[in-house]
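Here are my notes on this model, set down as numbered points. Have the structure open while you read.

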Amino acid sequence: MKLDPSILARIQFAFTVSFHIIFPTMSIGLASFLAVIEALWLKTKKPVYLEIYKFWLSIFAMGFGIGVVTGIVLSFEFGLGFARFAQMAGPAIGPLIALEVLTAFFLEAGFLGIMLFGLHRVGPKLHFFATCMVAIGTLLSASWILSANSWMQTPAGVAIHDGHLTVLSWRHVLVNPSWLYRLPHMLTAAYLTASFMVAGVGAWYLLKGKHQHFARRTLALGTAFGTVLIAGQVFIGDILYGTMLKYQPSKMQAAEGFWEKQSQSPAPYYWFIVPDQNNQRNRFQLGIPYLGSIWLTHSLDGRVEGLRNTPRDLQPRMGMVFYAFRIMYGLAMVMFAVGVASLWLRFRGKLFSSRWFLWILVFMTPSGIIATLAGWYVAETGRQPWIIYGILRTVDAISPVPAQALLSTLIAFVCVYAVFITAFLVFAFRIIRRGPGEVPPHAEASGSVKNAFRPYVLDSPERLVNSNITQRS
Amino acid sequence: MDLPLVSACFLALALTLYVILDGFDLGVGILLLFQPATASRDQMVDSITPTWDGNETWIIMAGVTLLAAFPVAYSILLPAFYLPIILMLLALGFRGVSFEFRVQSKQHRRKWDVAFAVGSLVAAFMQGLVLGGLMQGMKVQNQHFAGSVLDVVHPLPIISALALPFGYAVLGGGWLKLKSNLSLQTFANRSIRVSAPFFAILFGIACIYAVKIQPTIHSKWASHGITLACLVGLFVIASGMLTTMTEKTRPAVPFLLGLFLFVVGISGIALIAFPDIVPFGVTLWEAASSSTSQTLVLVGAAFVTPIVLTYSAFAYWIFRGKTPEQGWEA
Amino acid sequence: MGNSSKLHRLQPMTVALVGVFFFFAIIGVFGLRLAIAGLAVFVLGAVVVYAAFPTQGAES
């Protein structure tokens, strides 16, 4: 059996980056959530907020750790699997990632220790500062790496000579045509992920009748943020769609499932297709009539451009792009519906007592992660066959490493990462089963900056009791 | 201004900081294998928990600086060390997640400690393998790697792979001596006294072997013999001091000696490799990216590194003193 | 009684339709200006609901 190194390199990178993205998505969202919660605690001094903080801090810590180690893998994997890409793109994206390390990674890492372990070593204000620094670090990190990836999607600011890249304008490399649209889209995705995670766990507790106060607060906060965020997200998403239509038409052509250069009029919105890339047609397709024209051309009879507008050797695989897009978009619609429902239930005073809604929230707990993953699959598989769009093809970008090495390390990654995610899920579920702990009676914010710089230990530092006692409301 | 040279200095700084800082983290991890008492192991891990992430970040800095400033070297070196780097990344992964996972389970804590320790050991071994592979040199054609991924399975890389964990154990022992109270002091002292001679001897064998098999290194000794001999001398003296340390030695001394050991070793290696960044055929200037890329990295580094070092030092200061026996949560 | 229960069943349907309308508007089916307006109205409306209908068990 002859193994194709370029396919193996792609599968390996796809696997490691898909696994990785789950965790920073959670971390970016949870870090900001934790900052909000800690601010609420400092302001209102209500113990429930400290409970919420400590509960989600432990899950955040695990996820952050996995995110870091799987991220280190990626910074080397550019060279391990795609050395020719690294050699060409290094001058452009290397400095961006270097700045990410300098301004974001070190910031997160530097203050993470205080955030996780310093509750008893530093005053509340300094601790809150640490939480904020970690949250800002995650934000900066996302910004830089999104710029690097956006440059791969819509390259700008460089001159190519003899296979070597020279950067002409950093402004154009950094603020490339798609960055400022993709960044808010990704950040909102992260915040949505955290909102639904937090709301889902809260809903679970309410269904079980446990930790009522904790659960009501987190459900209320999660749905409140989530509703506003999903509205913003679909708005940004539509603008981004228009941008990508302009700069990567082949991606959006593949995403909608049409093959003909001009589709029928009016065009349906496909939800299910069986694409046949070799024959440039769908063997089967199922859609909602008229909706394609309405959503994609903003008219009742517009025609949609199909994938045959792109030369065959430049076409991405329609099946992957189409279904990834549908999963992401479908989940977005469900999120929007959940948001609207949450507003209605608040109005009726039934937010915490509608069991059907609570169950939906429970099922929607991982929705942000799935939608984010799906969106990234649209972005990356839709960019193919290019690794730097219009400049370097993926097949020309790989390392001089034999297929057997790629395959064996791919298997190693799968095995090791399987351990990571199993442990994460086992422990996260255990934390959820045990529920939030009681907060020591003396846990109050002193609120004094002078005290903040004196390391102190809380009076009677009782260990947090992990119990199933329902928090008195 | 000679940008590639400045970039190389920053790269060397990042690598040195990584080796020193994560060196003692990995060293403590390796020493876990030899510590039977659970409470002591908890203490050992606690001593590095608050600051390990920042320490490890320096290796990303080094790797990314290589990508940005010397993309040709990045694209040669990474495929050349494909296997050890991936194994190192997986090992570092296990070490990293074990920090969080080991505290989640009392009954499985021992298993996670083993994962922690083995991860640290494997990472150190792989780093040593890469070091030896660098000294061995590699096949390059047209600015692309032209050798085999199995080239690291040769005596020189293997010897240095065996040496490095001992070196990290010295650093780890020194750190433990600083941070632990009475119960771990004996353990720390013993670790240092045992590891230092092994490190020195294995490192010495590697150096001698390197001179024999790599003609460039031989000629470097010929031309810079005195400087290199001085470095060797300092290395031997420091190792000797570590091997003969006692309980009466002041707490900070072994750790500082360990740092000194590594700085001396790194200086020697840098002296031998210069002016090549891919030993022994691609110079800094051949591998460098254009000046616009170098400039951005250096300007960013110049502004941000002092800030990073400041708040990193602050984080260390917050967690100064002896590691509390009951852990950070109490 | 019959009327109020019919009204009751009408309410979720109305809400759903309003929601769909907002969705269509925000994704730009009626143009960019209505998209921005729709987003603004939706978000402001949500904030008003949060303020005017605080959840039980919540502090003031």
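How many residues of chain A are in contact with chain B, and how many of chain B with chain A?

1. The A–B contact. On the chain A side 57 residues take part, and they meet 55 residues of chain B. Bear in mind that this is a predicted model. Two pairs of chains touch here, and the A and B pair has the most contacts.

2. What chain A brings to chain B. Four elements of chain A each put in at least two residues: the helices α2 (47-81), α3 (83-117) and α13 (403-434), plus the strand β2 (164-167). If you want one place to start looking, take α3(A), which gives the most, with 22 residues.

3. Sorted by class, the residues of chain A that touch chain B come out as 39 nonpolar, 14 polar and 4 charged.

4. The A–C contact. Chain C puts 20 residues into this one, and chain A puts in 27. On the chain C side, α1 (2-26) and α2 (32-52) each supply at least two residues. The largest share of that side comes from α2(C), with 7 residues. As for classes, the side of chain C that touches chain A has 14 nonpolar residues, 5 polar and 1 charged.

5. Chain B by itself. I count on 12 helices and 4 strands for its secondary structure. Its radius of gyration is 20 Å, close to the 20 Å that the globule rule gives for 330 residues, so chain B is as compact as a globular protein of that length. The C-alpha trace spans about 55 × 40 × 35 Å along its principal axes.

6. Packing in chain B. Of its 330 residues, 58% count as buried. Take the contacts in chain B between residues at least 6 apart in sequence: 80% of them join residues at least 24 apart.

7. Confidence. For the complex, the predictor gives an ipTM of 0.91 and a pTM of 0.91. Chain C averages a pLDDT of 85, with 80% of the residues scoring at least 70. Where pLDDT is low, the predicted coordinates should not be read in detail.

Technical notes
Residues numbered from 1 in each chain as written. Chains lettered and ligands numbered in written order. Predicted model: local features only at pLDDT ≥ 70, side-chain atom pairs only at ≥ 80, totals over all residues. Contact = placed C-beta atoms within 7 Å. Nonpolar A, V, L, I, M, F, W, Y, C, P; charged D, E, K, R; others polar. Rg over C-alpha atoms; globule rule 2.2 N^0.38 Å. Buried ≥ 20, exposed ≤ 12 C-beta atoms within 10 Å, placed from the backbone. pLDDT = per-residue confidence, 0-100.
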